[in-house]
Amino acid sequence: MIAVFCLISAFAVTNNVTAATKASMNKKAKTAFAKKLGNSEGLEVLKYADVTGDGIVEALLECHPEGYGSGRTFGIYQYSGGKVKKILYTEEYGLSRLYYYKKSKSLILYGSGHGGEWYSYFTMKNGKYKYLAERARTSVNGGGMENGPWNYYSKTKDLTKSGFNRLIKNVKKGKYKSIKMW
């Protein structure tokens, strides 16, 4: 298993923090993170974005581990309770967009390449994003010759479309924030 050691420094906040204070805290968090990241090879901060709804940015990171070919890992890190906390870690290829739903505290990752496209669905549980399911297909967006049918699965098994929909039914609640990764 590949271990990605990343640190981000930020400060805990409450709901009544002013916009100016949040901006100052975000600036300090980004600066501290850049200093901590310094010499980590293969690691790239794609974005700083609030994907927890507290107004303070998290670090969205991608790593190109040696020996993985074109595969990559993606993680989201947050500072909480005085400690750095990894709230999402997944393997991926071609990640290009993240959709964050504040009301349901859920994420959808979208990527394409090698002739296909995919969506991975996550929801917040016990302070971390928990994987729910995925859908993928061959597609023109991913460089394929045509758009194929969607295939649905979880990490342990293939799913029917209705089984997939049951697993993700609470993900898309309220408005979403779209974050372009590149």
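These are my notebook entries on a predicted model of one protein chain.

**Ground rules.** I number residues from 1 along each chain as its sequence is written, and I work with heavy atoms for side-chain values, with hydrogens and water left out. Because the model is predicted, local features need pLDDT of at least 70 and side-chain atom pairs count only at pLDDT 80 or more, whereas totals for chains, interfaces and linings use all residues.

**Overall layout.** I looked up the secondary structure and found 2 helices and 11 strands in the protein chain, where helices (H or I, at least four residues) and strands (E, at least two) are DSSP runs numbered from the N terminus. Read from the N terminus, the elements run α-β-β-β-β-β-β-β-β-β-β-α-β. Of the 182 residues in the chain, 43% are buried; I take buried as under 20% relative accessible area, exposed as over 50% and partly exposed as in between, with a 1.4 Å probe and protein chains only.

I then traced an open sheet of 7 strands in the order 10-9-8-7-6-5-11, with antiparallel pairing; two strands pair if DSSP finds at least two bridges between them. Strand 10 (158-159) and strand 11 stand at the edges with a single partner strand each, so one side of each is left without a neighbour in the sheet.

**Strand 5 and its partners.** Which strands are joined to strand 5? Strand 6 (residues 106-113) is joined to strand 5 (residues 95-101) by 6 bridges, and strand 11 is joined to strand 5 by 5 bridges, with both pairs running antiparallel. Leu95 stands opposite Gly111 in strand 6. Strand 5 is mostly covered, with 5 of its 7 residues buried. In the hairpin of strands 5 and 6, which has 4 residues between the strands, I noted that Lys105 takes a positive phi near 50 degrees.

**Salt bridges.** My search of the whole structure gave 2 salt bridges, each defined as a side-chain nitrogen of Lys or Arg within 4 Å of a carboxyl oxygen of Asp or Glu. In one, the side chains of Glu62 and Arg72 meet at 3.4 Å, N to O; Glu62 lies in strand 2 (residues 58-63) and Arg72 in strand 3 (residues 72-80), 10 residues apart. Glu62 is buried, with a relative accessible area of 0%. The side chains of Arg137 and Glu117 also meet, at 2.8 Å, N to O; Arg137 is in strand 8 (residues 128-138) and Glu117 in strand 7 (residues 116-125), so this pair ties together parts that are 20 residues apart in sequence. Is Glu117 buried or exposed? Glu117 counts as buried, at 4% relative accessibility.

**Thr73.** I also checked Thr73, which is placed in strand 3 and counts as buried at 2% relative accessibility. Thr73 and Cys63 are 10 residues apart in sequence and 5.2 Å apart in space, C-alpha to C-alpha.

**A positive patch.** Last, I looked at a positive surface patch formed by Lys103, Lys157, Arg166, Lys169 and Lys173. Patches are made of residues with over 30% relative accessible area and no salt bridge, with like charges joined within 9 Å and nonpolar side chains (Val, Leu, Ile, Met, Phe, Trp, Tyr) within 5 Å. Lys173 lies in the loop between helix 2 (161-168) and strand 11 (176-180), and Lys173 counts as partly exposed at 37% relative accessibility.

Definitions and conventions:
Areas by Shrake-Rupley, 256 points an atom, 1.4 Å probe, with all protein chains shown as cover. Lys, Arg positive; Asp, Glu negative; His and termini not counted. Charge placed at Lys NZ, Arg CZ, Asp CG, Glu CD.
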